[in-house]
Number of protein chains: 2
Amino acid sequence: MSQPSSRRQFLQQVGGGIAVSLAALSANNKHAKPGYNTGGKKLGVALVGLGSYAKNQLAVALEKTSNCYLAAIVTGTPSKADEWSKKYNLDKKNIYNYQNFDSIADNKNVDIVYVVLPNSMHKEFVLRAAKAGKHVMCEKPMATSVQDAIDMVSACRAAGVQLGIGYRMHFEPFTKEIIRMCRQKEIGDVKFIQTNFGFTIGDPTQWRLKKDMAGGGPLMDVGIYCVQAARYVTGEEPVSVTAQYGPVTEPSVFKDVEQSVSWQLEFPGGATVNGFSSYRSNIEQLYVSATKGWLQLSPAYSYGPIKGSSSKGPLQLPVVHHQTVMLEGICDALLTSGTMPAHCNGEEGLRDMKILMAIYEAAASGKKLPLV
Amino acid sequence: MSQPSSRRQFLQQVGGGIAVSLAALSANNKHAKPGYNTGGKKLGVALVGLGSYAKNQLAVALEKTSNCYLAAIVTGTPSKADEWSKKYNLDKKNIYNYQNFDSIADNKNVDIVYVVLPNSMHKEFVLRAAKAGKHVMCEKPMATSVQDAIDMVSACRAAGVQLGIGYRMHFEPFTKEIIRMCRQKEIGDVKFIQTNFGFTIGDPTQWRLKKDMAGGGPLMDVGIYCVQAARYVTGEEPVSVTAQYGPVTEPSVFKDVEQSVSWQLEFPGGATVNGFSSYRSNIEQLYVSATKGWLQLSPAYSYGPIKGSSSKGPLQLPVVHHQTVMLEGICDALLTSGTMPAHCNGEEGLRDMKILMAIYEAAASGKKLPLV
């Protein structure tokens with residue numbers, strides 16, 4: 001499928017794809033798995049930015065997925081272009097740099113552009129991808145400001161392409177199970193959520209420590225998981241926020257972004273959520289206290305194996321490769337409904353951006369801020 | 001020992017007690033345990049207030065302790081006086097009411113008065129016990145205001161008696177072990193502590209829900225454990241506090257005290273502590289994130305069994321009866337040094353009172369407050 005000029009055209013093309021014979025399906029899709037009706041169609045994904053996450057997670061996933069594959073790469077580093085083209089047998093016509101990226105509009109193999117660049121570059125490449133008529137996946141956080149996030153959502157709507165944010169947890173079995181338990185009130189009404197995510201950041205020169213590139217510190221990078229969790233556990237939107245920056249014990253490293261930050265969200269159903277993120281504490285927890293019990297994930301957000309338990313007993317669920325199930329889930333939705341799953345679309349990313357920015361504003365002002 | 005007129009006199013009397021013969025020790029102290037050199041002396045404890053904690057915990061402990069015993073009771077309820085005098089074979093001369101309590105000064109069997117009344121009554125009975133020349137144990141929180149706590153410490157100093165607060169965790173093996181691990185930096189430098197303690201309170205008419213009797217809500221009752229933990233894990237005093245009241249979802253129950261409250265403490269070594277206490281969430285956790293590892297207790301504060309683990313593996317320690325080891329530890333200190341252990345004396349209780357009151361002030365004002 002190439003350059004759908006509208007969501008309708010995309011749906012028609014996908015509809016056509018489903019009409020392939022079983023033989024073709026079998027031939028084209030050796031790795032098809034139960035549960036995903038790919039109709040023999042595999043969506044082509046172009047990765048923009050070949051850093052660690054693209055290399056070690058997304059490219060690995062795209063070798064395992066049944067309904068999508070690595071169709072193209074976009075990189076500013078010729079040596080990476082060589083390395084990837086050999087490793088993944090990519091033709092020269094499927095290799096772009098940041099200058100000629102816009103010509104990807106003409107590449108029929110590319111259905112989805114996946115932007116895996118530093119946060120401050122997300123907007124530019126999402127807009128360029130949308131203009132090229134491609135669906136867009138964008139890593140989290142989707143932007144470095146609320147206005148940029150709004151512009152990205154608007155641009156994709158205007159272009160008639162889908163925008164998704166790389167929220168992999170929604171496709172992860174433990175996370176899906178606790179969302180189900182909370183939605184069905186199996187442990188009663190949620191009253192309190194504790195969620196912390198932090199790690200000890202390495203190289204002090206990396207872009208994650210520069211505010212103009214990252215938009216902020218650990219809150220933007222990992223605290224966003226905690227904010228997401230607060231929302232998917234409660235199923236509600238927060239109504240107010242307070243926040244506090246932690247002490248800066250290494251001012252030479254944390255001269256530009258926060259070292260740590262704590263925040264508190266109130267939800268309309270009466271739940272309180274306490275969150276914390278840090279670049280100097282290794283911590284990763286989600287704990288939910290409800291009227292009839294509790295549940296816990298720890299590790300809760302990192303790639304690997306998530307572990308969970310609840311007042312009803314340990315959670316025993318399959319361990320999956322997060323990026324594989326995310327990409328399969330997203331492509332399944334695109335192939336079957338033509339739309340991004342609601343829990344990871346651009347609007348969802350925008351909601352988080354508003355909360356992240358409000359946390360920073362609350363921490364800076366010391367005030368309790370309403371959220372609307 | 002009766003009515004020591006000074007700490008010196010108390011020490012002399014105790015010193016005399018140690019000189020008893022081995023035969024006397026054996027005869028007097030059937031339950032002597034290794035590690036406690038009681039010298040055959042058993043301190044007599046008078047319980048003031050015969051509510052649930054006195055009945056189900058302290059009286060039970062006083063049947064197990066090797067160096068102290070239930071010598072007297074003070075109650076305003078004649079039926080309780082009858083019940084206890086039969087159960088514990090107490091002579092009438094060892095039974096007091098709140099009116100004739102001061103005559104306990106003349107009771108040679110009573111060495112320690114243990115005040116187990118509603119919080120607002122602590123000050124009166126600590127002062128009266130001190131005036132009667134008895135050492136005093138007081139349940140936590142020690143008072144309902146900082147000034148009352150100062151008055152209590154001052155009164156006991158002036159009377160030459162020891163004042164202790166019922167901080168049982170310091171005598172509990174898991175807690176002692178994590179304090180040791182943190183003091184010896186076995187998991188490196190503490191960067192972040194998460195500590196939550198809440199439960200679903202029952203009877204809506206109880207004194208714990210009345211501000212004039214309790215001084216506050218769950219922060220006073222159970223949040224104090226979290227504040228204590230922050231201090232004993234870091235070994236430092238906090239330098240600033242922010243706090244937030246949680247939403248009131250049951251205004252008919254929580255018309256007088258908070259339903260829940262979150263707070264954040266900063267410590268001079270750079271640790272951030274996030275705490276939460278609630279009368280509507282069942283939660284009990286202490287999690288410490290440090291540069292080289294982590295440790296966790298959960299349950300962390302209730303009567304037992306405490307469970308613990310760390311990045312080095314599970315903590316395997318004896319399960320004890322908290323009130324028994326606390327009373328034995330306190331009486332051992334009194335018998336051997338004549339002083340209350342520093343981690344549970346009146347000054348220690350006063351430090352917590354200042355922090356608790358600052359948390360309320362910070363929650364009410366929305367401001368970050370310095371602590372001195």
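Student: Where is Lys185(B) found?

Tutor: Lys185(B) sits in the loop between helix H7 (173-183) and strand S7 (190-198) of chain B. Helices (H or I, at least four residues) and strands (E, at least two) are DSSP runs, numbered from the N terminus. The model is predicted: local features need pLDDT of at least 70, side-chain atom pairs count only at pLDDT 80 or more, and totals for chains, interfaces and linings use all residues. Residues are numbered from 1 along each chain as its sequence is written, while chains are lettered from A and ligands numbered from 1 in the order in which they are written.

Student: What makes Asn89(B) exposed?

Tutor: Asn89(B) has 9 other C-beta atoms within 10 Å and is therefore exposed. This residue lies in the loop between helix H4 (78-87) and strand S3 (95-96) of chain B. Asn89(B) has a positive phi of about 55° although it is not a glycine. Most residues other than glycine have a negative phi, and most peptide bonds are trans.

Student: Which peptide bond of chain B is cis, and how do you know?

Tutor: The bond from Ser298(B) to Pro299(B) is cis, with omega near 0°. Pro299(B) belongs to the loop between strand S12 (293-297) and strand S13 (308-310) of chain B. In chain A, the bond from Ser298(A) to Pro299(A) is also cis, with omega near 0°.

Student: Why are H6(B) and H11(B) called roughly antiparallel?

Tutor: The axes of helix H6 (residues 146-159) and helix H11 (residues 346-365) of chain B come within 9 Å and cross at roughly 170°. Axes are lines fitted to C-alpha atoms, for helices over the stretch in contact, and angles run from 0 to 180 degrees between N-to-C directions. Angles over 145 degrees count as roughly antiparallel, under 35 as roughly parallel, 65 to 115 as roughly perpendicular and the rest as oblique. H6(B) and H11(B) are therefore roughly antiparallel to each other.

Student: Which residues make the contact between H6(B) and H11(B)?

Tutor: H6(B) gives Val146(B), Ala149(B), Ile150(B), Met152(B), Val153(B) and Cys156(B), and residues of H11(B) include Leu350(B), Met353(B) and Met357(B). Two residues are in contact if their C-beta atoms, placed from the backbone, lie within 7 Å. By class, this contact has 9 nonpolar, 2 polar and 2 charged residues. Ala, Val, Leu, Ile, Met, Phe, Trp, Tyr, Cys and Pro count as nonpolar, Asp, Glu, Lys and Arg as charged, and the others, Gly among them, as polar.

Student: What makes S14 and S15 of chain B edge strands?

Tutor: They belong to an open sheet of 9 strands in the order S14-S13-S12-S11-S7-S10-S9-S8-S15 (chain B), with mixed pairing. Strand S14 (313-315) and strand S15 (369-370) each have a single partner strand, so one side of each is left without a neighbour in the sheet. Two strands pair if DSSP finds at least two bridges between them.

Student: How many bridges join S8 to S9 in chain B?

Tutor: 6 bridges join strand S8 (residues 240-245) to strand S9 (residues 260-266) of chain B, and the two run antiparallel. Tyr245(B) has Val261(B) in S9(B) as its bridge partner. H11(B) packs on the sheet, touching S8, S9 and S15 of chain B, and its direction makes about 60° with that of S8(B).

Student: How do you know that strand S1 of chain B is mostly covered?

Tutor: 6 of the 6 residues of S1 (residues 43-48) are buried. Leu43(B), Val45(B) and Leu47(B) point one way from S1(B), and Gly44(B), Ala46(B) and Val48(B) the other way. S1(B) pairs with strand S2 (residues 68-74) of chain B in the parallel sense over 6 bridges, and Val48(B) stands opposite Val74(B) in S2(B).

Student: Which residues have the most contacts inside the largest nonpolar core?

Tutor: Leu47(A) and Leu47(B) do, in a core of 223 residues. Such a core is a set of buried Ala, Val, Leu, Ile, Met, Phe, Trp, Tyr and Cys residues joined through C-beta atoms within 7 Å. Leaving aside neighbours within four places in sequence, Leu47(A) is in contact with residues including Leu58(A), Ile73(A) and Val116(A).

Definitions and conventions:
A residue is buried if 20 or more other C-beta atoms lie within 10 Å of its own, exposed if 12 or fewer, and partly exposed in between; C-beta atoms are placed from the backbone.
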